[in-house]
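This report is an introduction for a reader who has not seen the structure before. Please look at the sequence and the model first.

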Amino acid sequence: MLLFKKVDQLKSYLSKERKKNKTIGFSPTMGALHKGHVSLVHRSINETDISVCSIFVNPTQFDDKKDLKKYPRTTARDIDLLESIGTNVVFLPSVEEIYPQGDNTTHGFDFGKMATHMEGAHRTGHFDGMAQVVKRLLEIVEPNFIYMGQKDYQQQALVKVMLQQMKSNCELVRCAIIREPDGLAMSSRNVRLNEADRKTASKISETLSLAKQEAKTLSLEKVKSNALKRLDIPQFSVDYFEIIDAFTLLPISKFDEAESVVACTTVRIGGIRLLDNMILK
Ligand code: AMP
């Protein structure tokens, strides 16, 4: 496994591989790797010649600086894990490498209403920071495929729009959500939950599963109000529970209104934000 910290060195290596007609698969992460991340990298290893995984905690996508400070960092363990599964390249840049001119550049994408609700409404500037870093990483790695998790449903839908607006040949590969045995979606933030909160956190995926069942027979208004009732737990603070059109990301009121339907939620437990979603149709 090769480890690069400098943009120029990574670019030069990848450019030589590209000339040999090697395909490049890219999995961007913020580290503190778990089986969800590993599933992305595994797919990239299986489907492309060179699998690149980046570990970069991007400061510009954190609206809450306390969250940035507390974000778990386990770099040595992450590198060992990536090596053990057969990753070809790890990219571990500093903030200065990613933003040599400072981090206040604009990304120039038009997401319309896709970015203004759910995460967009609850984390000011989050998607601007996400688009800024993904654009920069795509320009550095120039992958044939980018592997992203369905776990961050809104994020990967916006990356799809970015690729279209960049007229990029890179294809987005959406990877399924990897869950703990009790259903909780794996997340780097889960380690920050105390024992009692960790137990109760399984109610999030349970609620989504019940919503999926209920959507077959009940009105979406009723499905949503039942879900909000189930999430009305003292330790929880629900940022949102939305049932959306999978393509436009806009909330819908009737199940037949959209070809594909997703329920998305974010719940704060003890100040820790946990995202989850489930495809209902
Ligand atoms: P993060 O390190 O949280 O920025 O995530 C990096 C990538 O891993 C993103 O594409 C996430 O959607 C994906 N990811 C995070 N958690 C999971 C999970 N439980 N299952 C599948 N993919 C995930």
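The model is predicted: local features need pLDDT of at least 70, side-chain atom pairs count only at pLDDT 80 or more, and totals for chains, interfaces and linings use all residues. Residues are numbered from 1 along each chain as its sequence is written, and side-chain values use heavy atoms, with hydrogens and water left out.

**The ligand**

The ligand is surrounded by 16 residues, where a residue is near a molecule if one of its heavy atoms lies within 4 Å of it. His37, Gly149, Asp152, Ile178 and Met186 are the closest. The shell consists of nine nonpolar, five polar and two charged residues. In this classing, Ala, Val, Leu, Ile, Met, Phe, Trp, Tyr, Cys and Pro are nonpolar, Asp, Glu, Lys and Arg are charged, and the others, Gly among them, are polar.

At least two shell residues come from each of β2 (24–29), α2 (35–47) and β5 (145–149). The largest share is that of α2, with three residues. Helices (H or I, at least four residues) and strands (E, at least two) are DSSP runs, numbered from the N terminus.

| Residue | Protein atom | Ligand atom | Distance |
|---|---|---|---|
| Histidine 37 | side-chain N or O | oxygen | 2.9 Å |
| Isoleucine 178 | backbone N or O | nitrogen | 2.9 Å |
| Methionine 186 | polar backbone atom | nitrogen | 2.8 Å |

On its own, the ligand has 480 Å² of accessible area, and the protein covers 93% of this (Shrake-Rupley method, 1.4 Å probe).

**Single residues**

Threonine 266 belongs to strand β8 (residues 261–269). Its relative accessibility is 0%, so threonine 266 counts as buried (under 20% relative accessible area; exposed is over 50%, with a 1.4 Å probe and protein chains only). Its side chain is joined to that of tyrosine 240 by a polar contact of 3.0 Å.

Histidine 107 lies in the loop between α5 (95–98) and α6 (119–122). Histidine 107 is buried because its relative accessible area is 12%.

Asparagine 21, a residue other than glycine, has a positive phi, near 65 degrees. Asparagine 21 is placed in the loop between α1 (7–19) and β2 and is exposed, at 69% relative accessibility. Alanine 32 also has a positive phi, near 50 degrees. The loop between β2 and α2 holds alanine 32, which is buried at 10% relative accessibility.

Technical notes
A polar contact is a pair of N or O atoms within 3.5 Å; within protein, one must be able to donate a hydrogen and the other to accept it, and residues adjacent in sequence count only if both atoms are side-chain atoms.
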